[in-house]
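Subject: Structure handover

Hello,

Here is the structure for you to look at. My notes follow below it.

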Amino acid sequence: MFTVRVPATIANLGPGFDSFGMAVSLYNRFQFQQAERDSLVFSPEGAADVSALQVGCDSGVGKNLLFVAMDRLFEKAGQSRPPLQVRIIADIPVARGLGSSSTAVVAGLIAANHLLNQPFESLDLLELAVTLEGHPDNVAPALLGGVVLYDELPYRLPWPLEWRVLTVSPNYEVLTEEARRILPTSVVMADAIFNLRKASVLTYALLREDPDAFRASLHDRMHQPYRRQLIAEYEAIERLVMADGALGMIISGSGSTMAIFYPTVIHAFLLEKLQGLIQAEGWPMIVNDLSVDTEGAQLSLAAPGP
Ligand code: HSE
């Protein structure tokens, strides 16, 4: 028996559409055990609502992408996979823009590589994960940890430890396909220049750990103006947190989760203000108070902890 733990990811980071992503300290854990036939079970210990997914081994986190990923790696190695029981402790909300399906792909590849005695390097796994999942800005940080800029290869960027993240997940899903369908198929030159500048400033801000540059960089004209319309609470939350000293707020991946970046010093104050607004409005939302995950996917030979 062994366990693979994979972090949630915040893709795009505002202006870095389809390019930047970061891993955060919220996890799905996958416990693998040899069995007589394949099965996928969700543990009731997980915080994520997976009720819509519990229909046996042909569905689940990432719609069985876990087994697809394992099989692809075994095929690549010219071997056949033994049947497995996989128990999932899912804390990452599903279809909320936190890379839940990427965790399934990454866990499947890490598990298969372990069962095959590690013939593949992490860059091989990443290449296959990108092919299978289609979103390098989720799978790259999920596998490697930290902040990753992906362009054929992953480029790792630092994240200042004194910057933290609040994720706010509404109780409604936004499917990535739908959130991509609403985007225009071409971009006007002025918007392309805007995003080019902002994404470049984002890189500078991370390399220099510069909060003012970071705050100035987190703006986008390629996807967020369209996707915001799918998240009714976005504007009120943004107004509150920016007035209270947050570094910035973005849509996490394709939504519906919102990610708020803030300096640790305002932690208690910001959390209280945010929870006050959510309670006053009666919004059913999950708030996760997170830091960067710098380790990425981890395999351990023990059963998962609490
Ligand atoms: N970059 C992708 C998008 C991420 O925003 O559509 C999907 O998780």
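First, a term: two strands pair if DSSP finds at least two bridges between them. Strands (E, at least two residues) and helices (H or I, at least four) are DSSP runs, numbered from the N terminus.

Please keep in mind that this is a predicted model: local features need pLDDT of at least 70, side-chain atom pairs count only at pLDDT 80 or more, and totals for chains, interfaces and linings use all residues. Residues are numbered from 1 along each chain as its sequence is written, and side-chain values use heavy atoms, with hydrogens and water left out.

**Strand S7**

Strand S7 covers residues 163–170. Six bridges join S7 to strand S9 (residues 258–263), and the two run antiparallel. Val-165 has Phe-261 as its bridge partner in S9. S7 also pairs with strand S10 (residues 285–290), again antiparallel, over six bridges. There, Val-168 is bridged to Val-287.

Is S7 enclosed or open? Seven of its eight residues are buried, so S7 is largely enclosed by the rest of the structure. Buried means under 20% relative accessible area, exposed over 50%, and partly exposed in between (1.4 Å probe, protein chains only).

**The ligand**

Which residues surround the ligand? They are Ala-11, Asn-12, Phe-17, Asp-18, His-135, Asp-137, Asn-138, Thr-176, Arg-180, Arg-227 and Gly-253. A residue counts as near if one of its heavy atoms lies within 4 Å. The shell divides into two nonpolar, five polar and four charged residues. Asp, Glu, Lys and Arg count as charged; Ala, Val, Leu, Ile, Met, Phe, Trp, Tyr, Cys and Pro as nonpolar; the others, Gly among them, as polar.

Now the polar contacts (N or O pairs within 3.5 Å; within protein, one atom must be able to donate a hydrogen and the other to accept it, and residues adjacent in sequence count only if both atoms are side-chain atoms). The side chain of Asp-18 places an N or O atom 2.5 Å from a ligand nitrogen. For Asp-137, a polar side-chain atom is 2.6 Å from a nitrogen of the ligand. Asn-138 has a side-chain N or O atom 2.7 Å from a ligand oxygen. The protein covers 97% of the 260 Å² of accessible area that the ligand has on its own (Shrake-Rupley method, 1.4 Å probe; for residues, only the protein chains shown count as cover).

Helix H4 (136–144) and helix H5 (176–181) are the elements giving two or more residues to the shell. Domain 1 (2–157 + 295–300) and domain 2 (163–290) both contribute to the shell, so the ligand lies between them. The domain bounds come from an automatic or database assignment.

Best wishes
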